[in-house]
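Hi,

Here is the structure I promised to send over.

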Amino acid sequence: MTDIVVWHRADLRTVDNAALATAVEDADRVAPVFVVNPAYYGEAGLACDARLRFLHESLCDLRRQYRDLGSDLTLLSGDPRRRLAERLADGWTVYCNRDVTSRRGRERDRALLDRDGVTVFEDDGIRWPDERDPDGTVAVDTRVRWDESCADYFERDQHPRPDSVGPNPIDSEVTVEEIARRHDVAPEKSGVPEGGTVAGSERLSAFLDRLGEYPGVVSPPAAAQARSSRLSQYLKFGCLSERQVYQRVQAAPSSRGRSMYTSRLYWNRHYHQKLADWPGWTERAVNPVFRGLYRDQHDADLDRAWREGRTGFPMVDAAMRALTETGYINFRMRALVATFYVYVLKQWWKPGADFMYYHLVDADPAINYTQWQSQCNLTGVHPVRVYDPAKQAREYDPEGEFVREYVPELAGLPDEHLARPEATPVGVQDACGVDIGTAYPYPVVEYDHEARVARDDFATLDERAKEALSDPQVRRRCSFSNRGRETDEGDGDDSGQASLSEF
Ligand SMILES: Cc1cc2nc3c(=O)[nH]c(=O)nc-3n(C[C@H](O)[C@H](O)[C@H](O)COP(=O)(O)OP(=O)(O)OC[C@H]3O[C@@H](n4cnc5c(N)ncnc54)[C@H](O)[C@@H]3O)c2cc1C
């Protein structure tokens with residue numbers, strides 16, 4: 001008799017799930033399992049309560065999917081390595097889908113996934129050569145014809161949902177509700193999408209109805225919050241596969257929105273390939289020349305002002321408060337606050353990236369840390385692009401919708417003063433009852449000066465950075481796409497992201 005545990009990780013769905021589809025073919029008995037790891041909870045867990053609730057809702061939804069198939073989802077609690085090793089010792093086989101993780105996750109995985117009786121399914125568009133340097137860097141170029149192999153993944157048929165799975169013989173040790181109580185999961189964030197495949201599919205359908213307007217909503221932060229796809233958390237937890245979303249988008253009539261959205265799905269895979277190529281992205285600068293840059297300039301007051309949204313730059317402050325209050329900001333605001341932290345405030349990138357990671361509901365190590373490093377040019381090839389918060393406010397929030405929502409103390413100011421409230425004439429401040437310096441801080445630094453210093457700092461390091469990149473190992477770590485290398489992660493359309501044609 002063949003007994004197979006299907007170990008769910010970042011694939012909380014029953015459709016387009018290679019491990020599940022194959023297990024149903026191969027096994028007499030199938031036990032779908034999720035292992036709740038207590039290390040994911042609490043202060044050290046790097047996950048805000050809103051993300052944990054999203055996970056819990058997604059698990060409840062997965063449980064419903066299995067019950068509809070005549071099975072159930074088993075919840076075990078503890079270190080997955082130990083809990084699954086026990087099942088292997090009991091004679092079970094384990095099937096799971098690959099999850100692209102950082103060094104720590106990979107160490108955890110290696111201890112388990114290399115064991116006899118475990119099969120990992122690799123149906124995700126990511127290349128994973130075995131040839132590696134001792135630090136985990138790929139020893140071969142994964143990017144040769146990468147776009148074609150990724151397209152092949154997107155275009156291949158999905159794995160259908162099984163007709164039935166049969167009773168699950170392994171009992172759950174806990175319920176989602178008990179876990180939430182035990183760890184006191186009580187999110188304070190508002191407007192967080194509901195987890196699960198059902199909610200994700202509904203959101204996708206609603207988004208496809210307005211795909212045509214996508215190019216106009218992706219950059220302005222208020223419009224993006226309301227009308228961008230907002231599918232990232234469903235992709236991160238695997239409530240939907242990238243391929244499912246891709247294929248539904250391709251079925252929509254051809255439009256600029258469709259091609260822009262498609263290019264972003266490629267970006268999703270492109271950044272996962274980066275973490276697959278080098279697991280160190282979450283820990284240290286990819287180009288050694290930038291390791292520890294600004295680390296000894298840590299300024300607790302500036303750091304706090306950034307986290308709390310009290311820098312005196314309304315667009316930065318609105319974005320930081322939106323991040324902590326809702327768990328979401330769009331690409332442009334993520335890039336703005338990341339570059340502001342490093343270039344303008346001269347803070348070491350890593351605590352900033354960790355803070356954002358903690359608060360994002362869609363937090364994905366493969367995108368968050370690689371994007372931080374790319375935006376802040378810790379690669380040594382990207383332009384030093386210092387987003388000007390005032391310009392961003394004028395161009396992407398001209399009527400102050402975003403700033404007024406998240407920085408209500410400025411709500412009374414006329415639109416034309418919202419980009420630089422410190423320059424508001426005193427008479428205007430008096431007339432609208434907004435006292436800059438009391439109700440809202442003056443800028444904590446002088447932007448033009450700090451932007452200039454940052455450009456000089458990076459120019460000074462430029463030659464050494466280029467030299468470091470001549471080391472093939474460093475280049476492989478960076479995992480640049482082959483096409484459009486010089487504009488990698490740069491401006492390809494009006495959203496500040498490159499387009500599909502640049503792959
Ligand atoms: C500093 C920084 C950190 C980021 N951290 C994350 C993160 O932790 N998780 C995450 O999913 N995205 C991250 N992004 C990328 C992007 O901002 C979000 O994917 C997007 O804002 C999510 O909203 P949406 O689903 O409406 O995206 P859409 O604009 O509708 O895009 C569709 C999908 O494409 C993918 N995508 C979009 N932009 C990018 C990109 N630049 N790189 C890779 N994939 C992309 C996402 O899966 C997204 O859901 C980060 C960007 C920056 C600059």
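Predicted model: local features only at pLDDT ≥ 70, side-chain atom pairs only at ≥ 80, totals over all residues.

Residues are numbered from 1 along each chain as its sequence is written.

There's an open sheet of five strands, ordered β3-β2-β1-β4-β5 with parallel pairing (strands are DSSP E runs of at least two residues, helices H or I runs of at least four, numbered from the N terminus; two strands pair if DSSP finds at least two bridges between them). At the edges sit β3 (74–77) and β5 (118–121), each pairing on one side only. Strand β1 (residues 3–7) is joined to β2 (residues 29–36) by five bridges, and V6 stands opposite P32 in β2.

V6 is worth a click. Leaving aside neighbours within four places in sequence, V6 is in contact (C-beta atoms, placed from the backbone, within 7 Å) with A19, L20, A23, V30, P32, V33 and Y95.

V6 and A319 also have the most contacts inside the largest nonpolar core, which has 129 residues. Such a core is a set of buried Ala, Val, Leu, Ile, Met, Phe, Trp, Tyr and Cys residues joined through C-beta atoms within 7 Å; buried means 20 or more other C-beta atoms within 10 Å of a residue's own. Helix α15 (residues 331–344) gives the largest share, 11 residues.

Cheers

Definitions and conventions. Buried ≥ 20, exposed ≤ 12 C-beta atoms within 10 Å, placed from the backbone. Contact = placed C-beta atoms within 7 Å.
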